[in-house]
Amino acid sequence: MLVKKSALTPSGLVRDPFALLREMTGEFDRIFGAPSGGQLPLVRNRELGELPDWTPQIDMFEKDNRLVARVDLPGMKKDDVKVDVSDGYLTIFGERKRETEEKKDRLYRTEREYGTFYRAIALPDGVKPEEVKATFAEGVLEISVPLPVRTDQRPHRIQIEDAPGAAKPAA
């Protein structure tokens, strides 16, 4: 798209600045193999060997000596989500399926939205999987992991020694 000359454009006709941005986005999509729509394949789904269809937001925080993860899963039900603890990871996997249908006079419209997700969160050593709890309410999954008892939380200064055979600096 071209824009006519104005007081702000010193030469004849100039390109629409957003056209260049659209071209660059298209090139990145082509280079990284992403479908058009501007989404780059940043995270691979390790379990399925493919890209996740969407990535829900996760809030992580510590409260009352527990690690808490809250995952926003709008429109999903408890049965659509699986939570596992194995090999030092908390894994969350789910699939959403949503269909809407509208019929009015001579209009018929239907929309389908499908998507899977997979998230893996590293857990601290010593977590007991049988003590992990999960709840689901109003589209929010909350997972609570009891943190293992920490030993000796005070800092311990380590004395730095000369390496064997190293020359001593002149005083």
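**Entry 1, the nonpolar core.** I looked up the largest nonpolar core in this predicted model. This core has 19 residues. I noted the members that touch the most other members: L73, I92, L141, I143 and V145. I then checked which elements give two or more residues to this core, and found β4 (66-72), β6, β7 (107-122) and β9 (140-146). For background I wrote down that nonpolar side chains tend to be buried together in soluble globular proteins.

I picked L141 from the core list and looked up its contacts, leaving aside neighbours within four places in sequence. L141 is in contact with A69, R70, V71, L73, V81, V83, I92, A134, T135 and F136. Two of the names on that list, L73 and I92, I had already written down for the core.

I turned to strand β6, residues 89-104, where T91 is found. Is T91 buried or exposed? T91 has a relative accessible area of 13%, and the cut-off for buried is under 20%, so T91 counts as buried. Not counting residues up to four places away in sequence, T91 touches K82, V83, D84, Y118, R119 and A120.

I went through the elements and found one helix and nine strands. Along the sequence they follow the pattern β-β-α-β-β-β-β-β-β-β. The protein has 171 residues, and 22% of them count as buried. I also looked up the accessible surface, which comes to about 14,100 Å², with 52% belonging to carbon and sulfur atoms. Of the contacts with a separation of 6 or more, 43% are between residues 24 or more positions apart.

Conventions
Residues are numbered from 1 along each chain as its sequence is written. This is a predicted model: local features need pLDDT of at least 70, side-chain atom pairs count only at pLDDT 80 or more; totals for chains, interfaces and linings use all residues. Side-chain values use heavy atoms; hydrogens and water are left out. Helices (H or I, at least four residues) and strands (E, at least two) are DSSP runs, numbered from the N terminus. Buried means under 20% relative accessible area, exposed over 50%, partly exposed in between (1.4 Å probe, protein chains only). Contact means heavy atoms within 4.5 Å. Accessible areas come from the Shrake-Rupley method with a 1.4 Å probe; for residues, only the protein chains shown count as cover. A nonpolar core is a set of buried Ala, Val, Leu, Ile, Met, Phe, Trp, Tyr and Cys residues joined through side-chain atoms within 4.5 Å.
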